[in-house]
Amino acid sequence: MTSENQPKAGHRGTPVSTEFREFMASGWATDDRAPAPRAEVADHAARRRATLSQRFPGERLVIPGGGLKVRSNDTDYTFRPHTAFAHLSGLGAHTEPDSVLVLDPLPEGGHHAVLYFRPPAPRDTEEFYTDSRYGEFWVGYRPTIADVESELGLTARHIDSLAADLAKDDAAARLRVVRSADPQLAEVVDAARTQAGTSLTGEQQEEADDELARELSAMRLLKDEWEVGEMRKAIDATHKGFEAIIATLPEAVRKGRGERWVEGIFGLYARHEGNGVGYESICASGDHANTIHWTKNTGEVREGDLILVDAGIEIDSLFTADITRTLPVSGRFTDVQRKIYDAVHAAQQAGLEAVKPGNKFSDIHAAANEVIARHLHEWGLLPEGVTLEQTLAPEHGGWHRRWMVHGTSHHLGMDVHDCQLLLREDYMDGELKPGMILTVEPGLYFKADDLLAPEEFRGIGVRIEDDVLVTEDGYENLSAAMPRGSYEVEAWIARVSGPTEDR
């Protein structure tokens, strides 16, 4: 229902003779495996669904996992389910494409969770060996209805019954769907609502769907103990990936096209330690570090340069780290590089110290921003006559933002930019509370062609980013094991790859 269509080649296919089909259908051992054991996350996901149920009593809620996306011709991108689906179902990297979670309202109150998906076809069907997307001969073992019910503790049904189930009884007029997760399925929901005689206009239906999406985003703001544990795993894996990068920096210099080498080394660890990268890795050497989202990673890594690596590993539960370190390729910062790096480090420390319950999310940026502005003012980079107070004025200032155009923080979890659908008053102006996980990541960027920057600064870009848990009395830097200070970074590089003179 939801996966994009692939063009089918007419010049190849499997044999179609009766003899072949009968032969393929025979001689397979009986599958006597026990259903999958109950997953650790099942109880946590059930509590999330119960919370959502209280928010939308009497309404049928549809949370699609999404489908396969065609990469080119008859090949697909690696499937990754929609985050809201993964959060509420408990399924992560092993979600079947085209799965849909439905919370059906119960007459006595509450909801009954049903997960619709495409179970494997029996081995006496042609799907088994002809369907390159779903046939187990092509894609390997797929879960059964019994597996899903046993693993997640909810009801599972074949996806073919979904459309009829959405349209049944009076609840069809009170449907909500996460539209962005599956536009095709959203059209099915719209048709069911219309057929059931909903009183809402089309615009009101979309507003109702947007409200559901915002609520699902807000539910991820506060992490429970299990979720914090998953974030620790993602950060630990990412730490290993960064140390692998450090160990191979001399090779990146020698190989040529070193940014790709660094990206590949981290990608290897991401696939081995987890599900993959949580976002496209930024491996930006030299002036490329001054492109905020440099993901082309086509450049050289040269001795004497800095390399800014912004990367995170997504583990199988789909929680991801997001960490940035700016590393001297030769193992030591030059005086100018250290000057800029230490300013960013000071700004980050100020941002970290603003992370505590009761503060606003925006206070983190304000604290780091003030330090960045103060350094730029002391260095004489602001226009003549502009004071520190003037550049920090919210309405008419901002000259210093030329060298740090981005914000300092974002929420983090199953999405690298988690909880993004919240309204401004709930995000930027929201109060920090224990259980939130966010990044603190100031930077300074002096592009090579920036004539307003001192010549010695040009081509240097620095960002430092850590993943932080809001606690009852302040914060815990979850990525604190990865050194941040300039001298500590140098010692880290020496420890991982050997002293500079030996490299």
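Biologist: What covers the buried residues of α9?

Modeller: This is a predicted model, and in it the cover over the buried residues of α9 includes α2 (42-55), β1 (60-64), α3 (83-89), β7 (175-177) and α8 (183-195). The residues of α9 that are buried are Gln-205, Ala-208, Asp-209, Leu-212, Ala-213, Leu-216 and Ser-217.

Biologist: How do you know that the span of α9 is close to the expected one?

Modeller: The helix has 17 residues and reaches 25 Å from its first C-alpha to its last, whereas 24 Å is expected at 1.5 Å a residue, and the two values are close.

Biologist: What makes the contact between Asp-76 and Arg-133 a salt bridge?

Modeller: The N to O distance between their side chains is 2.8 Å, and the cut-off for an Arg nitrogen and an Asp carboxyl oxygen is 4 Å, so the pair qualifies.

Biologist: Why is Asp-76 called partly exposed, and why is Arg-133 called buried?

Modeller: Asp-76 has a relative accessibility of 24%, which falls between the limits of 20% and 50%, and therefore it is partly exposed. Arg-133 has a relative accessible area of 15%, which is under 20%, and so it is buried.

Biologist: How do you know that Arg-220 and Asp-415 form a salt bridge?

Modeller: Their closest N and O atoms are 3.6 Å apart, which is within 4 Å, so this pair also meets the cut-off. It links distant parts of the chain, with Arg-220 in the loop between α9 (202-218) and α10 (225-255) and Asp-415 in the loop between α14 (388-392) and β13 (437-440), 195 residues apart. Arg-220 is buried at 7% relative accessible area, whereas Asp-415, at 24%, is partly exposed.

Biologist: What makes Asp-466 and Arg-325 count as buried?

Modeller: Asp-466 has 0% relative accessibility, and Arg-325 likewise has 0%; the limit is under 20%, so both are buried. The two form a salt bridge, with their closest N and O atoms 2.8 Å apart. Asp-466 lies in strand β16 (residues 466-471) and Arg-325 in strand β12 (residues 323-328), so the pair ties together parts that are 141 residues apart in sequence.

Biologist: Why are β13 and β17 called edge strands?

Modeller: In the open sheet of 3 strands, the order is β13-β16-β17, with antiparallel pairing, and β13 and β17 (474-477) each pair on one side only. The twist in this sheet averages 40 degrees from one strand to the next.

Biologist: How do you know that β13 and β16 pair?

Modeller: There are 4 bridges joining the two strands, which run antiparallel; pairing needs at least two, so they pair. Leu-438 has Val-468 in β16 as its bridge partner. α10 lies across β13, β16 and β17, and runs at about 160 degrees to β16.

Biologist: Why is Asp-473 called exposed, and what joins the side chains of Asp-473 and Thr-471?

Modeller: Asp-473, found in the loop between β16 and β17, has a relative accessibility of 73%, which is over 50%, so it is exposed. A polar contact of 3.2 Å joins its side chain to that of Thr-471. Thr-471 lies in strand β16 and is buried, with a relative accessible area of 18%. The Thr-471 side chain also reaches the backbone nitrogen of Tyr-475 at 3.2 Å.

Biologist: What makes the link between Asp-104 and Arg-60 a polar contact?

Modeller: The distance between their side chains is 2.4 Å, and the cut-off for N or O atoms is 3.5 Å, so the pair falls within it. Asp-104 lies in strand β4 (residues 100-105) and counts as buried at 7% relative accessibility. Leaving aside neighbours within four places in sequence, Asp-104 is in contact with Arg-60, Gly-110, His-111, His-112 and Lys-168.

Definitions and conventions: Residues numbered from 1 in each chain as written. Predicted model: local features only at pLDDT ≥ 70, side-chain atom pairs only at ≥ 80, totals over all residues. Heavy atoms only, no water. Buried < 20%, exposed > 50% of the residue type's maximum accessible area, 1.4 Å probe, protein only. Axes fitted to C-alpha atoms, helices over the stretch in contact; angles between N-to-C directions. Contact = heavy atoms within 4.5 Å. Expected span 1.5 Å × (residues − 1). Polar contact = N/O pair within 3.5 Å; in protein donor to acceptor, adjacent residues only side chain to side chain.
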